[in-house]
Amino acid sequence: MSATTRSRTPDRLCAEAVDLARAAAEEAAAPGVVGEHAGLVSEGDRVVTHFFECKEMGYRGWRWAVTVARASRAKVVTLNETVLLPGADALLAPEWVPWSERLRPGDMGPGDLLPTDAEDLRLEPGYSGEDEPAPNAPISEEMAQLAEAEDAEITPRAPSALPLVPSRGSIASVAEELGMRRARVLSRYGLHIAADRWEESYGAKTAMAQAAPATCVSCGFLNPIGGSLGQAFGLCANEFSPADGRVVALSYGCGGHSEAAVMPAPPRPAPPVIDETRMDPFPLRPTPDSGSVPAGADGSASEYGHS
């Protein structure tokens, strides 16, 4: 208890060693960046830390901390350490975030690799081959004996662990045909966050869908997808749509709907009528009575004017 009580009161000789602490800070820092004395704190018996303001650019609120100490019954104060520490209102760098959490959609480029965490919540183990089949399952022990009698191969390990492609008729080959050869598949959580992401980008609440004449569920350009997500999403195949090549919700819509505005067929003119049974004459010279003034007996025209 006595040592604790003494440690709360700064040692007098250590507290008076301001010049020693300033000289140590100026030696460690650049010239002219050590400011005024900003106080001291007792670190223990005969151990005191002096603080000096830092005037260096970019270190607002930081302080030079110089710790001095003296031995028991000694009159000489010695230097312990000098360090630059942030204060209560110091300008600090943001907290470090692992690179895997800093990535955003679209950051990956050609040649980049993005390893997934072994405990990624978006994934779950795929077919392992270690689950015991039900008694009435096609791969039960009885069926395995029957398959062996018929020279079919049943592999005890997971298909992904096999060195060679399984032969036809084996359990591993059936798993491969069903798309179960992957080591990990999407979990329910992975499906949910993917659906939320697609719904936010191409869903019923977007401005495009609000102004659309109809939804994608009745559009001829919608390409259905399989799996459970196919009940709410599809793939747009309209090259003029803003969602071309994207996964869209069935409740999404745009102005490129196949049945929104069907263009009418252009009118076709009637075919020309050609009468090939008679011939129409075309005179090369005008007839005598075709003019407004009749010609005379000698063929010359009468005097112009009227009587």
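The legends below describe close-up views of one predicted model.

Residues are numbered from 1 along each chain as its sequence is written, and side-chain values use heavy atoms, with hydrogens and water left out. Because the model is predicted, local features need pLDDT of at least 70 and side-chain atom pairs count only at pLDDT 80 or more, while totals for chains, interfaces and linings use all residues.

**View 1. The whole chain and its confidence.** The chain averages a pLDDT of 79 (the predictor's confidence in each residue, from 0 to 100). A score of at least 70 is reached by 73% of the residues. Over residues 1–6, pLDDT stays under 50. For that stretch the model has 2 contacts beyond four places in sequence (contact means heavy atoms within 4.5 Å). The secondary structure comes to 8 helices and 9 strands. These are DSSP runs, numbered from the N terminus: helices are H or I with at least four residues, strands are E with at least two. Of the 307 residues in the chain, 23% are buried. Buried means under 20% relative accessible area, exposed means over 50%, and partly exposed lies in between (1.4 Å probe, protein chains only). Among contacts with a separation of 6 or more, 49% come from residues 24 or more positions apart.

**View 2. The four-stranded sheet.** This open sheet of 4 strands has the order β1-β2-β3-β4, with antiparallel pairing. Two strands pair if DSSP finds at least two bridges between them. Strands β1 (34–44) and β4 stand at the edges, each with a single partner strand, so one side of each is left without a neighbour in the sheet. On average, neighbouring strands are turned by 20° against each other, direction ignored. Helix α3 (residues 18–28) packs on the sheet and touches β1, β2, β3 and β4. The direction of α3 makes about 115° with that of β1. Axes are lines fitted to C-alpha atoms, for helices over the stretch in contact, and angles run from 0 to 180 degrees between N-to-C directions.

View 3. Strands β1 and β2 pair in the antiparallel sense over 6 bridges. Val 41 has Thr 49 in β2 as its bridge partner. Ser 42 stands opposite Val 48 in β2. The hairpin has 2 residues between the strands. Here Arg 46 takes a positive phi near 60°.

**View 4. Strand β3 and its two partners.** Strand β3 (residues 62–69) is mostly covered, with 7 of its 8 residues buried. On one pairing, 7 bridges join strand β2 (residues 47–54) to β3, and the two run antiparallel. His 50 stands opposite Val 66 in β3. On the other pairing, 8 bridges join β3 to strand β4 (residues 78–86), again antiparallel. Val 68 stands opposite Leu 79 in β4.

**View 5. A charge over a ring.** Arg 63 lies over the face of Phe 51, at 4.0 Å from the ring centre. A charge sits over a ring if NZ of Lys or CZ of Arg is within 6 Å of the ring centre and within 35 degrees of the ring normal.

**View 6. The three-stranded sheet.** Here 3 strands form an open sheet in the order β7-β8-β9, with antiparallel pairing. The edge strands are β7 (222–224) and β9, and each pairs on one side only. From one strand to the next, the twist averages 50°. Strands β7 and β8 are joined by 3 bridges. Asn 223 has Leu 235 in β8 as its bridge partner.

**View 7. Trp 198 against Phe 233.** The count comes to 3 aromatic pairs. Rings of Phe, Tyr and Trp (its six-membered ring) pair if their centres lie within 6.5 Å; planes under 30 degrees apart count as stacked, over 60 as edge-to-face and the rest as tilted. Trp 198 and Phe 233 form an edge-to-face pair, 5.6 Å centre to centre with 80° between the planes. Trp 198 lies in helix α7 (residues 188–201) and Phe 233 in strand β8 (residues 233–236), so the pair ties together parts that are 35 residues apart in sequence. Trp 198 counts as partly exposed, at 25% relative accessibility. Phe 233 counts as buried, at 5%.

**View 8. Tyr 202 against Tyr 252.** The ring centres of Tyr 202 and Tyr 252 are 5.5 Å apart and their planes stand at 85°, so this pair is edge-to-face. The pair links distant parts of the chain, 50 residues apart. Tyr 202 is in the loop between α7 and α8 (207–210), and Tyr 252 is in the segment after β9 (247–249). Tyr 202 is buried, with a relative accessible area of 17%. Tyr 252 also counts as buried, at 3% relative accessibility.
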